[in-house]
Amino acid sequence: MVLNQRSLLLYLGASLMSLYSRRKFLTAAFFLVGCGYAPVHGINPKTKKLYTSVFVQAPKDRVEFELVRNLEKQFRKNSSNRYLLNYTLTIKEEKGVVSASQTLERYSLFGSLKYSLTDKDGGVVLTNTAKSFTAYSATGTPLATERAKRDAQDRLMVILAEQVLTRISILSQL
């Protein structure tokens, strides 16, 4: 979990004010701000520059649309299409829990996202695979089960998109 400076200072302030004097709190706050603490996403100029130059492959279905939507939250509007992010998404659904009455109560979704970041000239900058899983309950009505499945797919797309963004962010730091 990434905290910003203000929330970290507020947390420290609440705990320090009850234990120490105001002078010690201000001294600690001064040193914390001076250490150069910054979150990973969005503040580093290199990361911001890379994020604004990535064009994501168009989605083919609803699940891929959720993946692209989560990626484009960080990529924002493209000022230049310097890089292209291609991906291949694979989702496997497996039976999870079978009750004593032999009814299926839980499914697991396993997602694998193979992606590559290429430049305008076709040179591969990054190739990697993001993997994760989630599950959903099959109890209740068919409508409730279908909604739970969609929610699980959406959660899986958030997780996979975060893994891609983290890897690209690390690449921009090099």
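Me: In the hairpin of β3 and β4, which residue takes a positive phi?
Reply: That's G122, with a positive phi near 95°. The hairpin has four residues between its strands. Keep in mind that this is a predicted model.

Me: OK, and how do β3 and β4 pair, parallel or antiparallel?
Reply: Antiparallel, over 13 bridges. Strand β3 covers residues 104-119 and strand β4 covers 124-137.

Me: What stands opposite S116 over in β4?
Reply: T127 does.

Me: What holds strands of a sheet together in pairs, anyway?
Reply: Backbone hydrogen bonds, in either a parallel or an antiparallel arrangement.

Me: Zooming out a bit, what order do the strands of the open sheet come in?
Reply: There are four, ordered β1-β2-β3-β4, and the pairing is mixed.

Me: And why is one side of β1 and of β4 left without a neighbour in the sheet?
Reply: Because β1 (54-56) and β4 are at the edges, and each has a single partner strand.

Me: How much are neighbouring strands of this sheet turned against each other?
Reply: By 25° on average, with direction ignored.

Me: Switching to helices. Which strands does α4 lie across?
Reply: Helix α4 (residues 62-75) lies across β1, β2 and β3, and it runs at about 130° to β2 (83-98).

Me: What about α5, where does that one lie?
Reply: Helix α5 (residues 142-173) lies across β2, β3 and β4. Its angle to β4 is about 155°.

Me: Back to α4. How far does it reach from its first C-alpha to its last?
Reply: It reaches 20 Å with 14 residues, close to the 20 Å expected at 1.5 Å a residue.

Me: Which residues of α4 are buried?
Reply: V63, E64, E66, L67, V68, N70, L71, Q74 and F75.

Me: And what covers them?
Reply: The cover includes α3 (45-51), along with β1, β2, β3 and α5.

Me: E66 is on that list of buried residues. Why does it count as buried?
Reply: Because its relative accessibility is 12%, and buried means under 20%.

Me: So what does E66 touch?
Reply: D154 and M157, leaving out residues up to four places away in sequence.

Definitions and conventions:
Residues numbered from 1 in each chain as written. Predicted model: local features only at pLDDT ≥ 70, side-chain atom pairs only at ≥ 80, totals over all residues. Heavy atoms only, no water. Pairing = 2+ DSSP bridges. Helix = DSSP H or I, 4+ residues; strand = E, 2+ residues; numbered from the N terminus. Axes fitted to C-alpha atoms, helices over the stretch in contact; angles between N-to-C directions. Contact = heavy atoms within 4.5 Å. Buried < 20%, exposed > 50% of the residue type's maximum accessible area, 1.4 Å probe, protein only. Expected span 1.5 Å × (residues − 1).
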